[in-house]
Amino acid sequence: MKGMKFSAIVLSASLILSSCNMSNMAKGGLIGGTSGGAVGALVGQLIGKGKGAAIGAAVGATVGTGAGLLIGKKMDKAKAAAEAAKAQAEILTAADGTQYVKATFEGGLLFATGKTELTASAKSEINKFITNLKAEDSTFDLAIVGYTDNAGFKGKTAAQSKVLNQQLSENRAQSVRAQFLAAGYNANYIKYTTGRGEENPVASNATAEGRQQNRRVEVYILPSKEMIEAANQAAK
């Protein structure tokens with residue numbers, strides 16, 4: 001398990017499906033919402049691209065059309081915050097108008113080989129990301145998910161290495177969470193932190209390049225109940 005990529009995924013509603021060149025401020029006007037649900041379950045659906053995923057349901061608030069415009073504008077700023085931290089960021093959208101930003105921090109920025117402590121440069125980039133994110137809004141809900149490749153550990157069986165990679169992904173996700181807190185992000189808005197080890201590879205583990213892509217931490221950034229309610233009030 002070598003250096004990792006750090007992916008921040010910023011969402012303003014549900015269901016990840018396709019990309020669009022339209023700005024998020026415009027796309028936000030298409031967003032509706034429901035109530036009830038849980039962020040952890042939501043993230044699991046978003047990772048699996050589940051059609052039932054709905055952010056409004058997870059945070060317990062309904063996103064009105066006008067509020068969707070305001071939240072969409074925040075997502076445009078979140079994309080800029082990621083790019084300012086040297087991330088490769090893209091705005092994607094679902095068929096129903098759901099938007100999110102996927103930003104990938106290049107491998108080697110976060111951790112040294114086999115380590116769970118963030119490098120100095122990783123801390124600097126994460127601090128920059130959080131500072132810029134907070135400058136737009138400090139009430140985004142965050143969820144952090146760590147991943148590894150399937151590289152084995154010396155002297156360990158494949159099964160033993162899988163367990164160790166799971167632990168490594170969990171510890172690295174916790175390290176990112178700790179740095180978010182150190183950078184001044186409110187713990188009440190960091191809703192979910194987990195590791196998924198070798199699961200959900202985004203590339204083939206048969207090549208060095210593919211393994212590098214699979215070493216990553218994904219961060220889901222969602223509008224919180226407070227953010228949605230504030231946007232609904234402002235849109236009146």
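**Architecture and selected sites of the predicted chain**

Ser 224 is buried because its relative accessibility is 0%, where buried denotes under 20% relative accessible area, exposed over 50% and partly exposed the range in between, computed with a 1.4 Å probe on protein chains only. The structure is a predicted model, in which local features require pLDDT of at least 70 and side-chain atom pairs pLDDT 80 or more, whereas totals for chains, interfaces and linings use all residues. Residues are numbered from 1 along each chain as its sequence is written, and side-chain values use heavy atoms, with hydrogens and water left out.

Ser 224 occupies the loop between β7 and α8; helices (H or I, at least four residues) and strands (E, at least two) are DSSP runs numbered from the N terminus. A polar atom of the Ser 224 side chain lies 3.1 Å from the backbone nitrogen of Met 227. Beyond four places in sequence, Ser 224 is in contact (heavy atoms within 4.5 Å) with Val 59, Thr 139, Asp 141 and Tyr 189.

The chain comprises eight helices and seven strands, and 48% of its 236 residues are buried. Of the contacts with a separation of 6 or more, 76% are between residues 24 or more positions apart. The mean pLDDT, the predictor's confidence in each residue on a scale from 0 to 100, is 78 for the chain, and 72% of the residues score at least 70. Confidence is highest in α6, at 95, and lowest in strand β2 (residues 18-19), at a mean of 40. Over residues 12-37 pLDDT stays under 50, although the model has 94 contacts beyond four places in sequence for this segment. Where pLDDT is low, the predicted coordinates should not be read in detail.

The largest nonpolar core contains 44 residues, of which Leu 133, Phe 140, Leu 142, Ile 144, Phe 180 and Tyr 185 touch the most other members. Such a core is a set of buried Ala, Val, Leu, Ile, Met, Phe, Trp, Tyr and Cys residues joined through side-chain atoms within 4.5 Å. At least two residues of this core come from each of α2 (39-47), α4, α5 (120-136), β5 (140-147), α6, β7 (216-223) and α8 (225-234). The greatest contribution, six residues, is made by β5. Phe 140 contacts Lys 74, Met 75, Leu 133, Tyr 185, Tyr 189, Ile 221, Leu 222 and Met 227, with neighbours within four places in sequence left aside. In soluble globular proteins, nonpolar side chains tend to be buried together.

Gln 179, in helix α6 (residues 158-182), is buried because its relative accessibility is 10%. Its side chain forms a polar contact of 2.8 Å with that of Asn 127; a polar contact is a pair of N or O atoms within 3.5 Å, of which, within protein, one must be able to donate a hydrogen and the other to accept it, residues adjacent in sequence counting only if both atoms are side-chain atoms. Apart from neighbours within four places in sequence, Gln 179 touches Leu 118, Lys 123, Ile 126 and Asn 127.

Ala 84 lies in helix α4 (residues 65-84) and is partly exposed, at 38% relative accessibility. Its C-alpha atom is separated by 7.6 Å from that of Lys 128, 44 residues apart along the chain. Asn 200, in the loop between β6 (190-195) and α7 (208-214), has a positive phi of about 50° although it is not a glycine.
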